Amino acid sequence: MAARQALQVRYGTLHNLGMAAVSLLMIGSAVAHFTSGESANAPTLSLRDPRFVMFSLLALIMVYYIYLGLSRALDRTPQVVIDHEGIALGFGRNARIAWSDIEWVRIRRLAMRAQLQIGVEPHAFLAADLRLSQFNVDDSLRPIRGVPAAVVVRDNGLETTAMTMLDAIKAFRPNLVRS
């Protein structure tokens, strides 16, 4: 039998550079539009003008996405590793979950996007300290509502799809896969 290959999932360069470029383009087009003099709704450069405050906050959000896109595009460390020991989750947490601590794995769809869901033994879930939040929209690891010891791995911005990750899990532990 051939040796099973570990799957290493990294941030996708094209997706994240594209996110940074679109954010930069949005800031540039807004500045160009308002400085052209043809816009009647151009904000005045004053903190008393609510339009200036709103556009400044939107520009700060776009700067955040430029930073996020560039930093993820340059980060070539694996964010998910599926190998003979288990599943390692990066995303700033660097937690490894052993195969013996994983109860089930499945794919669920959110609209058209597949997401990998991993059910973990409660003691291992607490020991992993994944610091999951429902409110962080940019996080690739999310909790599952109503399932206390489970995590969703979203493949947004990753170079590998959730289905490919599920196939790698099937190669190592086919008995964990649920439909």
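Me: Which residue in β2 is the bridge partner of leucine 7?

Reply: The partner is isoleucine 82. Keep in mind that this is a predicted model.

Me: How do you know that β1 and β2 pair?

Reply: Two strands pair if at least two bridges are found between them. Three bridges join strand β1 (residues 7–9) to β2.

Me: What makes β2 and β3 a pair?

Reply: The test is again at least two bridges. β2 and strand β3 (residues 86–89) have four bridges, in the antiparallel sense. Valine 81 stands opposite alanine 88 in β3. The two strands form a hairpin, with two residues between them.

Me: Which residues cover the two faces of strand β2, and are they buried or exposed?

Reply: Both faces of β2 (residues 80–83) are covered. Val80 and Ile82 lie on one side, Val81 and Asp83 on the other, and all are buried.

Me: Which residues of α1 are buried, and what covers them?

Reply: Asn16, Ala20, Ser23 and Ile27 are the buried ones. Their cover includes α2 (50–74). In general, an α-helix has 3.6 residues a turn, so residues three or four places apart point the same way.

Me: Why is methionine 62 called buried?

Reply: Buried means under 20% relative accessible area. Methionine 62 has 17%, so it is buried. Its place is in helix α2. Methionine 62 touches Ser23, Met26 and Ile27, not counting residues up to four places away in sequence.

Me: How far apart are methionine 62 and phenylalanine 172?

Reply: They are 110 residues apart in sequence. In space they are 41 Å apart, C-alpha to C-alpha.

Me: What makes the pair of tyrosine 64 and tyrosine 65 edge-to-face?

Reply: A search of the whole structure finds four aromatic pairs. In this one, the centres are 5.4 Å apart and the planes are at 70°. Tyrosine 64 itself is partly exposed, with a relative accessible area of 37%.

Me: Why is the pair of tryptophan 99 and phenylalanine 172 called stacked?

Reply: Stacked needs planes under 30 degrees apart. Here the planes are at 25° and the centres 6.2 Å apart, so the pair is stacked. Tryptophan 99 lies in the loop between β4 (95–98) and β5, and phenylalanine 172 in helix α4, so the pair ties together parts that are 73 residues apart in sequence.

Me: Are tryptophan 99 and phenylalanine 172 buried or exposed?

Reply: The limit for buried is under 20%. Tryptophan 99 has 5% relative accessibility, so it counts as buried. Phenylalanine 172 has 7%, so it counts as buried too.

Me: How do you know that the charged end of arginine 106 sits over a ring?

Reply: The ring belongs to tryptophan 104. The charged end of arginine 106 is 4.4 Å from the centre of that ring. The distance limit is within 6 Å.

Me: Which strands are the edges of the four-strand sheet?

Reply: The open sheet has the order β5-β6-β8-β7, with antiparallel pairing. Its edges are β5 (102–110) and β7 (141–144), as each pairs on one side only. The twist averages 30° from one strand to the next. Helix α4 (residues 162–172) packs on the sheet and touches β5, β6 (113–120) and β8.

Me: Why is arginine 154 called buried?

Reply: Its relative accessibility is 14%, so it counts as buried. The cut-off is under 20%. Arginine 154 is found in strand β8 (residues 147–154). Among the residues that arginine 154 touches are Gln115, Val137 and Asp139.

Terms used
Residues are numbered from 1 along each chain as its sequence is written. This is a predicted model: local features need pLDDT of at least 70, side-chain atom pairs count only at pLDDT 80 or more; totals for chains, interfaces and linings use all residues. Side-chain values use heavy atoms; hydrogens and water are left out. Buried means under 20% relative accessible area, exposed over 50%, partly exposed in between (1.4 Å probe, protein chains only). Contact means heavy atoms within 4.5 Å. Axes are lines fitted to C-alpha atoms, for helices over the stretch in contact, and angles run from 0 to 180 degrees between N-to-C directions. Rings of Phe, Tyr and Trp (its six-membered ring) pair if their centres lie within 6.5 Å; planes under 30 degrees apart count as stacked, over 60 as edge-to-face and the rest as tilted. A charge sits over a ring if NZ of Lys or CZ of Arg is within 6 Å of the ring centre and within 35 degrees of the ring normal.
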